[in-house]
Amino acid sequence: MQNIQPQYNNKVLVIGGGMGGIRTALDLAEAEKNVILVDKAYAIGGLMTQLDRTFPTNNCDLCTLSPNLSESSRQEFIELLTMTTVKDVRGEKGNFTVLLETAPRYINLEKCTACGECHKAYPECVRFTPGLDHRAPTCMRYPQATPQAFSIDLAKCTDVEALMKSCPAGAINPDDMGRKREVHCGSIVFSPGGALFDPSHLDYLGYATQADVVTSLEYERILSASGPTMGQLVRPSNGQQPKKVAWIQCIGSRGLQKGAGQYCSSACCMFALKEAIVTKERFQDDIETTIFFIDMRTMGKDYELYYLRAKNEFGVRFVRSRPHSILREHGKENLTLTYSAEEGGANLTEEFDMVVLSTGFRVADDVKELALKMGLELNADSFPKTDGFNPVVTSVPGIYVAGVIQSPKDIPETMVQASAAACMAGSDLGPVMEKVEREQEPLPLETGVVGEEPRVGVFICDCGENIGGVVDAAALAEYAGTLPHVAVAELKGHGCSRESMQQIQETIKAERLNRVVIGGCSPRTHEAKFQEVIRRAGLNKYLVEVANIRDQVTWVHANRPQRATEKAKDLIKMAVGSVVRAQPLADHSLPMNKNVLIVGGGITGMTTALQLANQGLKVYLVEKSAGLGGLATSLRRTLEGGDVQAFVKDLVLRTESHDNIQVITRAIIVDHSGMPGMFKTGMQTGKQMFYRQIEHGVTILATGALPNRPSLYLLDECEAVSTQRELQTLIEDQPGTVKAWDNVVMIQCVGSRTPDNPNCSRICCQNAVKNALHIKEINPDARIFVLYRDMRTYGFQEEYYLKARELGVIFSRYTLENPPKVEATDQMVNVTFTDPILGRQITVTANCLCLSTGLVADEDSNDELARIFKLPRTGDGYFLEDHVKLRPVDLPIPGFFVAGTAHSPKTIRESVAQALAVASRARTMLAKDSINLGAAAARVDKNICAACLICVRSCPFGIPFINADGYSEIDPAKCHGCGMCASACPAKAIQLMQFEDDRIIAKLEELFERNIA
Amino acid sequence: MDNFEPVIVAFCCHYCAYTAADMAGSQRLSYPANVKIIRVPCSSKVDALHIVKAFEKGADGVYVAGCLEGDCHFKNGNSRAVRLVEYVQKYMDEIGIERERLEMVMMSAGMGYRFAQVATEITEKIRKLGPSPIHAAISL
């Protein structure tokens, strides 16, 4: 039992406000834990804010995450300190003391409205935060930048007084001194992110001398519609559109250049593929794209499909090679790339207009310094060393890492580790104490509006240039003022800024408004915010309507401003017509069931169960087979040397003996109903297959994957042929046999990356390296041949691959078109393959042929579960997450989560990280005591209802029933709010609240009144 | 009728088509401004009454946009909407409004591109059909 810590250090300090740090802070805040988030930059967001789009969806995803941070409900738990660095860390787990230093911003955050006047007047001395330095100031792609404020570079300012006068809000404060401050916290999450390798010193690559040699991040900026060239893809040297672009992989990675890390940077292959695809999408046949690479490492979920699309659909060219130099010959505009291809080895040359260097990640010097200050043990590449089974645990108890600082990785994996670190750091704070009543202004009583004449206030946002740049927003407000029932119509800069919201509240009170229309962005993202605004002004929150004049007008009709203005007027008129008919409504809520159902009792399921059970939640752990442990019961060692059996045994013991965990084995899930926070799942259990039902609030799928076993290369036909898993057991149990071997051949990608199963199994390359090293340990004279297609030893696995090569393991590449041939001879196997470097066929008589068969989705179980829970799956049968980039363990249906190999193939450490991540995600939901069901429920008018049963039959959830009084009754707490019954009711006795017929018809009437006249 | 600008009402499900329309916005995909969206919680919330009212008031075209088959947030709302649209189309034949003016489309929330494409195609189709016969009836 942990001691309850005193209040003052019951906080988590998160260092680094990139995507990972933000996720950690949000997870903790949603679980009602206090967080201090520090970042040395002017605004949070980290590296991702500089990306144009992200793989594999090619979307700009930043906006999906950043608005969350400004949500006041979460903000009360997060203290955000930008421009702040950590100077010193003392103490231990449960009681750290940290010295923070905040640099002066010279702007008062409370007053700054990010209006941009100072930047307009003195662009040289204002650091523009919302759009970031690389982006054009007019770009409001990142309008919710947190904090939304500018920052002044006082050193560049010559006339401070004039600068101060340029600010209408009086926010500029040249006397800002910055400050030092000591904070106390119970645990620390270290997520400072990675720096990018600087190739300037590598003169043969020409980065320092040739303008047309750029890094992948620079290319991203050039490609971006909001970048320095306003989206024109041009050569920096001459401003012309390039016709031939080359990418060179592994710059600063895999120990290939001076100063490069020994590891693989993991994300650059996908990064280059994305840039090449986006380039091809835009210019098609007008541009040639070529990627020069060593191994194409697309080992993430569905990433192989992305690679195949780049090759087959977009015509990106791939050249397996090593670069020699990039030069510009005298008198020529183009760059000459000299490289040696895999075959032949002779130097080849080719001209390009632009060359992109795919630079990898490294640990920045100041980050290394801080890591050492915190006492973290570092590896040779300055990354903190982490636990063999838990990648977020460092050598110092109470300090956790997440993201690139743990090992180079992409965004989804960073998000997983961020949630995992939140889980670990949050559990160090000890059990949640009784909820502290937060100082909250009591909400004013709701003003009665029923029967009152409608007085509508219309507030139009110009949203920077987003709306005002296309339509005349002031004229729009003026037009709104002429509409019936409109008492006030005003133009607002950003309606969602703190200042505007305050003004709207004051106007509501001063003008005695009883309805509000916002002309701005989408109600999907901002309705809740404006509901809160009018509620604070004393109105029922359902008396507001948002007219979507940005996402559905100015953003899509920018080329037709006249038509856009007309449409915006229509939408506002429709919203006014609808809102005057809006009636005050009450939210329905139900108590949250805090029990957890976990399906699958492998390492992942048990890890999640233990985390949640330790936090006081009741967990039902349901396993299909007779015992716990899953696939890991047949594994022995990890690549890093961890003892898997000991790890699993300990997990099983702790799981089975935990008071809060009920393990149900031999259980098959058969039915499911309810909604997030109150699910009911039925299963048949035990030898007798008795039926039982469990009530729970969240569902976690940790059902794992199955080892693949394709009938290829004499598997199950010849005794000398085995899988990597079987070989591992043999090495451990019969070292004598291994000692007697002369030749061992391993074949990679058996049953993976084929037309039938196109994805990569991710785990096999490191498995082969692991077993090869182990054989070499026992029998140093054994000759080991690994026949591979691409070695995918990402991150620090690369170091083991290097070690295997140093020990003489021979890696030889084969292609899908020309696979190795095998033939059984007595107790041996003849393996014949073509070595591309020697350019000839080789036959090896092997004592052991070992196949890397990887994992496949558990098709039968997943199909059944997906049907029962109504969950989507990927093409190859794994569960499909809600957002592949930002919400990798949340499933699209609220209350459902996925972790481990049920998500996609992964190593034990990666499964553990996901297991911790789902525990954190589930915790955020279960922190609430009730489920708010909103007000959109169907309501029956008993005076009209004829009890015809049509609603009873139409409801997909079986909620309406005919009550004792003889009319239909719908329980608002059970109603899902689809409105099917309302549209089916022949007497129109049913209305769906918020979407009543008179409001929909009012919209139609308002729309056509003008159009017909 | 060269400069005929049809008015088209799109009843969009909150969970898919409405989100796809926002997605089209964030990707800056352009489509004709003739399409006016009315948000509904599910395509099955759309009633014959709403569709007929839209035509009565002067809509040149109406479409209901729901989730892809099998993806309805409320189990089967989208297939009910398909049936409703077919049902209303029969009556449109009877009252003399071309049934082509009413359509059911399906898409997922991520299909911003498809939203813009559908909006463009339907607008062009209605533009070719010309103004709704209701306009002639109203001006009588």
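The legends below describe several close-up views of a predicted model, one topic at a time.

Local features in this predicted model are reported only at pLDDT of at least 70 and side-chain atom pairs count only at pLDDT 80 or more, while totals for chains, interfaces and linings use all residues, and side-chain values use heavy atoms, with hydrogens and water left out. Residues are numbered from 1 along each chain as its sequence is written, and chains are lettered from A and ligands numbered from 1 in the order in which they are written.

**View 1. Chain B as a whole.** Chain B holds five helices and four strands, where helices (H or I, at least four residues) and strands (E, at least two) are DSSP runs numbered from the N terminus. Followed along the sequence, these elements of chain B come in the pattern β-α-β-α-β-α-β-α-α. The C-alpha trace of chain B spans about 45 × 30 × 20 Å along its principal axes. A compact globule of 140 residues would have a radius of gyration near 14 Å, and the 15 Å of chain B agrees with this; the radius is taken over C-alpha atoms, and the globule rule is 2.2 Å times the number of residues to the power 0.38.

View 2. Among contacts in chain B (heavy atoms within 4.5 Å) between residues at least 6 apart in sequence, 80% join residues at least 24 apart.

**View 3. Helix H1 of chain A.** Helix H1 of chain A covers residues 19–30, and its 12 residues should span 16 Å at 1.5 Å a residue, which agrees with the 16 Å between its end C-alpha atoms; the expected span is 1.5 Å times one less than the number of residues. Because 12 of the 12 residues of H1(A) are buried, this helix is largely enclosed by the rest of the structure. The buried residues of H1(A) include Met19(A), Arg23(A), Asp27(A) and Glu30(A). Just after H1(A), Glu32(A) takes a positive phi of about 65°.

**View 4. Two arginines with positive phi in chain A.** Arg666(A) has a positive phi of about 45° although it is not a glycine, and it sits in the loop between strand E27 (661–664) and strand E28 (667–675) of chain A. With a relative accessible area of 34%, Arg666(A) is partly exposed. Arg762(A), also not a glycine, has a positive phi near 65° and is found in the loop between strand E34 (743–747) and helix H21 (764–778) of chain A. Arg762(A) counts as buried, at 8% relative accessibility.

**View 5. The nonpolar cores.** A nonpolar core is a set of buried Ala, Val, Leu, Ile, Met, Phe, Trp, Tyr and Cys residues joined through side-chain atoms within 4.5 Å. The largest such core has 73 residues, and those with the most contacts inside it are Ile549(A), Ile572(A), Val9(B) and Phe11(B). Helix H16 (residues 561–579) of chain A gives the largest share of this core, eight residues. Leaving aside neighbours within four places in sequence, Ile572(A) is in contact with residues including Val458(A), Leu476(A) and Ile549(A). Apart from this core lies another, of 65 residues, among them Met592(A) and Leu916(A).

Conventions. Buried means under 20% relative accessible area, exposed over 50%, partly exposed in between (1.4 Å probe, protein chains only).
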